[in-house]
Amino acid sequence: MGKMSVNLCGIELSNPVIPASGTFGFGYEFAELYDINILGTFSFKGTTKDPRFGNPTPRIAETPNGMINAVGLQNPGVEKVIGEELPKLKKCFNKPVMANVSGFSIDEYVYTCEKIDKCEQVGWIEVNISCPNVHGGGMAFGTTAEGAAAVTRAVKAVTTKPVIVKLSPNVTDIVSIAKACEEAGADGISLINTLLGMRIDLRTRKPVIANKMGGFSGPAIFPVAVRMVYQVAHAVNIPVIGMGGVSSAEDVIEMMLAGACAVEVGAANLVEPMACKNIIEDLPRVMEKYGIEKLSDIIGGVR
């Protein structure tokens, strides 16, 4: 393994930097700006069983040190992702890609994951359990240990590739939910998804986005993300991917010290399309500055 390489669920990454789902499309758009093979991998746009137009506009708003979004999982549906998006990606990305899957019932998760699992390009399946359970009163699957475990167990029954469960921070006990996913067979945990946020326009006296509330992300949430990654990484025995407000090589190192074996970069890609490239290219300098020989040596280095 090289100085920056890490292992994620049995697959080696040349470096730990992964653009987060929803901020990098299906990759080929960014390939027009730079060679995306510099990335460890990336998590492509959240995919559901059926096509989704998403929420009404406006659905993105800037906030100090962050942003609020309620895009609503806009995507073409799993059939088109497999038939159209992945073939386009194959022309510009030669590494295994991470598939991000969402659903509004366990049956939807199972259907989509089973389809995605058969794709040769896909190395890992990242299961977003922050979606509202339409058969459970609208409560997100990821807000209870029981709901999180049920999705994990069902998906693992129909897949052969590593399943990484993406957790919501909008809970009181993140550790119990992570442990429930591990016990249900998860191969890894990724966290955190966005915090629930809201802003109001003083002139119109209405919420700034049509959905009223949305996912709050960006540098402002980084300390919360580090705390949760630390808590989960020290409670489970499976790999953890850290994310939430990461915008620099220093942030990557901090996440890894907290216990992350790989790090996703989200909102920063929307502010600076070259963010991940810049972070990867800056990592050797930061490693030298802090006397780090190999990134794999520092994972969970804070006790």
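Arg205 is found in the loop between strand 11 (200-201) and strand 12 (206-207), where strands are DSSP runs of E with at least two residues and helices are runs of H or I with at least four residues, both numbered from the N terminus. Phi of Arg205 is near 60 degrees, which is a positive value in a residue other than glycine. At 75% relative accessibility Arg205 counts as exposed, and the cut-offs are over 50% relative accessible area for exposed, under 20% for buried, and partly exposed in between, with a 1.4 Å probe and protein chains only.

Before going on, a word on the basis of these values. This is a predicted model, in which local features need pLDDT of at least 70 and side-chain atom pairs count only at pLDDT 80 or more, while totals for chains, interfaces and linings use all residues. Residues are numbered from 1 along each chain as its sequence is written, and side-chain values use heavy atoms, with hydrogens and water left out.

Leu73 also has a positive phi in a residue other than glycine, in this case near 55 degrees. Leu73 sits in the loop between strand 5 (66-69) and helix 1 (78-90), and with a relative accessible area of 23% Leu73 is partly exposed.

The bond from Thr57 to Pro58 is cis, with omega near -5 degrees, and Pro58 belongs to the loop between strand 3 and strand 4. The bond from Leu191 to Ile192 is cis, with omega near 15 degrees, and Ile192 lies in the loop between strand 9 (188-191) and strand 10 (195-197).

Now to Asn128. Which residues does Asn128 contact, leaving aside its neighbours within four places in sequence? They are Leu73, Asn100, Val101, Ser102, Tyr109, Lys166 and Asn193, where contact means heavy atoms within 4.5 Å. Asn128 itself is in strand 7 (residues 122-128), and it counts as buried because its relative accessibility is 9%. The side chain of Asn128 makes a polar contact of 3.2 Å with the side chain of Ser102, and the side chains of Asn128 and Asn193 are likewise joined by a polar contact of 3.2 Å. A polar contact here is a pair of N or O atoms within 3.5 Å; within protein, one must be able to donate a hydrogen and the other to accept it, and residues adjacent in sequence count only if both atoms are side-chain atoms. Asn128 and Asn193 are 65 residues apart in sequence, and their C-alpha atoms are 8.5 Å apart in space.

Next come the aromatic rings. The structure holds five aromatic pairs, and one of them, formed by Phe24 and Phe30, is stacked, at 4.0 Å centre to centre with 20 degrees between the planes. Rings of Phe, Tyr and Trp (its six-membered ring) pair if their centres lie within 6.5 Å, with planes under 30 degrees apart counting as stacked, over 60 as edge-to-face and the rest as tilted. Phe24 counts as buried at 0% relative accessibility, and Phe30 counts as buried at 12%. The rings of Phe26 and Phe44 have their centres 5.4 Å apart and their planes at 40 degrees, so that pair is tilted. Because Phe26 and Phe44 both lie in the loop between strand 3 (17-19) and strand 4 (60-63), the pair ties together parts that are 18 residues apart in sequence. Both Phe26 and Phe44 are buried. Ring pairs also link Phe24, Phe30, Phe42 and Phe93 into a cluster.

Two charged side chains meet rings as well. The charged end of Lys49 sits over the ring of Tyr111, 5.0 Å from its centre, and Arg59 lies over the face of Phe53, at 5.9 Å from the ring centre. The rule asks for NZ of Lys or CZ of Arg within 6 Å of the ring centre and within 35 degrees of the ring normal.

I will finish with the protein as a whole. It has eight helices and 15 strands, and its C-alpha trace spans about 50 × 50 × 40 Å along the principal axes. Buried residues make up 54% of the 303 residues. Of the contacts with a separation of 6 or more, 70% come from residues 24 or more positions apart.
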